[in-house]
Amino acid sequence: MIQRCHMLLAGGLLLCTQVQAVEFKQVLANESSVTFAYKQMGVPLDGKFNKFAAQLAFDPAKIAKAQARIDIDVASIDTGSTEANDEVVGKLWFNAKTYPVASFVSTGLKALGDNRYEATGKLSIKGRTQEVKAPVTFQAAGNRGAFDGSFTIKRLDYAIGEGEWTDVGTVANEIQIKFHLVVKVAPSKK
Amino acid sequence: MNTIITRYNTTAIALHWLVALLVFAAFPLGMYMHDLPLSPTKLQLYSYHKWLGITVLLLAVLRVVWRVTHAPPALPDNLSRGQQIASHVTHQFLYVLILAVPISGWLMSSAKGFKTVWFGVLPLPDLVGKDKALGEMLSNVHESFNYLLLALVLLHIAAALKHHFIDKDGVLLRMSLKGERS
């Protein structure tokens, strides 16, 4: 905790004021979301993952120590249609039986100023791991804050859509992943 | 027979046969694609079907505009009053359906959450929001309209052939692609 202390001569008191030494640690899953957007035959479509767990530690004053890990239950995918939901958990797409979890583990966070950051991390889906970079904004209000960011992956890098589905003319290779994580301050340990 | 046949004008004839051609492509395509297992081919066929349908809608609007601004050639005198009314009603229904079938498909797509992007380039607005129950309902409406259209098209063709081969009154020639220009 960073503290600045001033002698208050009048009272002879040592008054210490906090300089934003708050650590956001608790992710409010119900208010957070992991969504994605893609194109199919030129038609913009979007979907979401209904179940994911996120662990996070973020102190705006100590961003070098920031950490995040998001584990997504790939079978909780909602593409918007039952037919597609049944298809994409299958072997050719996510193969959710063998690879039930997709995860993002942060490796670094860079401050860009103005509440903007650049997060880097390793994204693992279907047993394949790639480095990803995502611009992130962080807005805090009181003891709550929200991270918002998005990045684009190429689904074929993770073998999402094998066989006939490697045809990126039908389902585009680019998949935009968007996240909105609502966090709360955890009492900081001293 | 020496009856003078007044033909529809070139615009009306071209629009009629173009719509006929597209409907004859889109209808069986719709029937076929519906039960396919999910595959890239299925997604492509759905898009082609929607592109055809929206093209029909556009041409249908032009046809209605043409019809409202032009009088069709008079029917031959040998038609009874009943036949004339039947012909008139059938044509009105056909005009309504070549509009209603693609519109119901467009709305169904929106309700099911799949926007229509004409030829993969021009996104059409979603006139209804995503709504599963509405999507199912519009799917039934689209199907019913199609069967009604099929029935009327068959009636339309049967009537045209009857006039041509049995009555030999030249009604079909009003809309034929070949023939003397009027």
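These legends go with a set of close-up views of a predicted two-chain model.

The model is predicted, so local features need pLDDT of at least 70 and side-chain atom pairs count only at pLDDT 80 or more, while totals for chains, interfaces and linings use all residues. Residues are numbered from 1 along each chain as its sequence is written, and chains are lettered from A and ligands numbered from 1 in the order in which they are written.

**View 1. Chain B, with 4 helices and 2 strands.** Helices (H or I, at least four residues) and strands (E, at least two) are DSSP runs, numbered from the N terminus. Going along the sequence, the order in chain B is α-α-α-β-β-α. The C-alpha trace spans about 55 × 30 × 30 Å along its principal axes. Of its 182 residues, 21% count as buried; that label takes 20 or more other C-beta atoms within 10 Å of a residue's own, whereas exposed takes 12 or fewer and partly exposed is in between, with C-beta atoms placed from the backbone. Take the contacts between residues at least 6 apart in sequence, and 72% of them in chain B join residues at least 24 apart. Contact here has its own cut-off: C-beta atoms, placed from the backbone, within 7 Å.

**View 2. Chain A, with 1 helix and 13 strands.** Its pattern along the sequence is β-β-β-β-β-β-β-β-α-β-β-β-β-β. Buried residues come to 25% of the 190 in chain A. For contacts between residues at least 6 apart in sequence, 54% in this chain join residues at least 24 apart.

**View 3. Where chain B touches chain A.** Here 13 residues of chain B are in contact with 14 residues of chain A. On the chain B side, helix α2 (residues 40-69) gives the most, with 4 residues. Sorted by class, that side has 6 nonpolar, 5 polar and 2 charged residues. For the record, Ala, Val, Leu, Ile, Met, Phe, Trp, Tyr, Cys and Pro count as nonpolar, Asp, Glu, Lys and Arg as charged, and the others, Gly among them, as polar.

**View 4. α2(B) packed on α3(B).** Axes are lines fitted to C-alpha atoms, for helices over the stretch in contact, and angles run from 0 to 180 degrees between N-to-C directions. Among the residues making the contact are Gly53(B), Leu57(B), Ala60(B) and Val64(B) of α2(B), together with Ile98(B), Pro102(B), Gly105(B) and Ser109(B) of α3(B). The contact residues divide into 11 nonpolar, 3 polar and 3 charged.

**View 5. Along helix α3 of chain B, bend included.** The helix bends by about 25 degrees at Leu97(B), the bend being the angle between axes fitted to the seven residues ending there and the seven starting there. With 31 residues at 1.5 Å each, α3(B) should span 45 Å, and its end C-alpha atoms are 44 Å apart, which agrees. That expected span is 1.5 Å times one less than the number of residues. Its buried residues include Leu97(B), Val101(B), Trp106(B) and Met108(B), and the buried set packs against α1 (10-34), α2 and α4 (132-167) of chain B. After α3(B) comes Gly113(B), with a positive phi near 90 degrees.

**View 6. Leu94(B), a residue of helix α3.** Leu94(B) is partly exposed because 18 other C-beta atoms lie within 10 Å. Setting aside neighbours within four places in sequence, Leu94(B) is in contact with Leu152(B) and His156(B). Its C-alpha is 26 Å from that of Val117(B), which sits 23 residues away along the chain.

**View 7. Helix α1 of chain B and its cover.** This helix has 25 residues and reaches 36 Å from first C-alpha to last, close to the 36 Å expected at 1.5 Å a residue. Val19(B), Val23(B), Ala26(B) and Gly30(B) are its buried residues, and their cover includes α2, α3 and α4 of chain B.

View 8. Most residues other than glycine have a negative phi.

Definitions and conventions: Contact = placed C-beta atoms within 7 Å.
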